[in-house]
Amino acid sequence: MFFSQIIGQEKAKHLLESVVRRKRVPHAYLFTGVAGIGKTSTAKAFTMMLNCDTPSGLDGCGGCPSCRKILNGNFPDFITLEPDGQKIKIEQIRELNRSLGYAPFSGGYRVCVIHKAEAMTGEAANSFLKTLEEPPPGNIFVLNAAEPRDLLPTIVSRCQRVSFRPLKIEEIIAQLTKKTALDGPSVEILARAADGSLGRALRMSESDYLERRRSWIGKLFDLYGCSGAEALNMAVESAKEDRAGLDQPGSGKAGLFDMLSVWASCYRDLLLVRTDTTDRLLINDDFRDQLKKTASGLSFHSLLESFRIVDRAVRDLHRMRNPTLVLENALLNLQKMGEQTGQDIAVRR
Ligand SMILES: [Zn+2]
């Protein structure tokens, strides 16, 4: 909850610090960046600093009544709102507006964090826009968004934008080493697969991700020796994976989305191997030999196309298409890519 404990994000911290130094605190912020990189922790640290009786530098003192309540998680003026299902609905914004009508309980600032602000329905966004235009005094809004492009431009223009960057692999390695009992190689695999998100890396470490990952990669390599019928069987089996992946909040299990993300990382690695740019770190370095063997049998074009096929499958699943159909389509196309390259090579010979 202290600014000094937030990993990386120097730019974001610096910006918020200068806001407080100037003593003119804007009432709305847009925190952008993927989930799990410290946006909510920063909002809490900001709340602490704004409400602390005796702040030292950027940090709250940790000892005054409001600091203690924030640290204990029972500060009444830190409120959060998140999607109800897929969307943030108009009723939720109305209820928020009602609670903002009262002055902050602690006499300082009330901070209201809206998670996945881009998930507001059109109605909800318009209603929230009115709140932003005439904010009740003492309230500060923090909008968290991974996809700020999906927000109303009129909302974005009323917010002070604070961007959060993905964490460096070394930063994630250091945290995983400190916070988990995993061995060095496992820590490295998770750090590379986490897309710069410490939150995701930690969720992965608490799930069965590491074992599942090995079997998913094995499946992908197996695909290049099998028939179309076998590929279809594999698709039916794969579709039984948990639909949710570790990207979804509250999901403690590795699932379909994680499987596809592992496959995408394999094609990214295969492209690097194929173009001999392996001086860059492979995400799946522990499979280096098999990656080399597989890449030698596939053309650059088919690898690129395979990457796109996996990407399309992810998008189709987000659109709630039937997982079995999506995977059948994807695996058959991937398997064909392998066969085509085989024929190309035969023709050239
Ligand atoms: Zn304090």
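Before we start, a word on how to read it: residues are numbered from 1 along each chain as its sequence is written. Because the model is predicted, local features need pLDDT of at least 70, side-chain atom pairs count only at pLDDT 80 or more, and totals for chains, interfaces and linings use all residues, while side-chain values use heavy atoms, with hydrogens and water left out.

Let's begin with the whole chain. Its C-alpha atoms fill a box of roughly 80 × 45 × 30 Å along the principal axes. Within the chain there are 15 helices and five strands; these are DSSP runs numbered from the N terminus, where a helix is H or I with at least four residues and a strand is E with at least two. Of the 349 residues, 47% count as buried. Here buried means under 20% relative accessible area, exposed means over 50%, and partly exposed lies in between (1.4 Å probe, protein chains only). The domain assignment gives domain 1 (3–163) and domain 2 (207–348), with bounds that come from an automatic or database assignment. The C-alpha centres of these two domains lie 39 Å apart.

For comparison, the ideal angle for four tetrahedral donors is 109.5 degrees.

Next, look at Leu71 in helix α3 (residues 65–72). Leu71 has a relative accessible area of 38%, so it is partly exposed. Leu71 and Lys87 are 16 residues apart in sequence, and their C-alpha atoms are 29 Å apart in space. Phe128, in helix α5 (residues 122–133), is buried at 0%. Phe128 and Ile155 are 27 residues apart in sequence, with 8.3 Å from C-alpha to C-alpha.

Let's move on to a pair of helices. Two packed helices are described by the angle between their axes and the distance between the axes. Helix α7 (residues 169–179) and helix α8 (residues 184–193) have axes that come within 9 Å and cross at roughly 135°. The two helices are therefore oblique to each other: angles under 35 degrees count as roughly parallel, over 145 as roughly antiparallel, 65 to 115 as roughly perpendicular, and the rest as oblique.

Finally, two residues deserve a look at their backbone. Most residues other than glycine have a negative phi. Gln9, in the segment before α1 (10–21), has a positive phi near 60°, and Gln9 is buried at 2% relative accessibility. Asp195 has a positive phi of about 55°. Asp195 sits in the loop between α8 and α9 (198–205) and is exposed, with a relative accessible area of 55%.

Key:
Axes fitted to C-alpha atoms, helices over the stretch in contact; angles between N-to-C directions.
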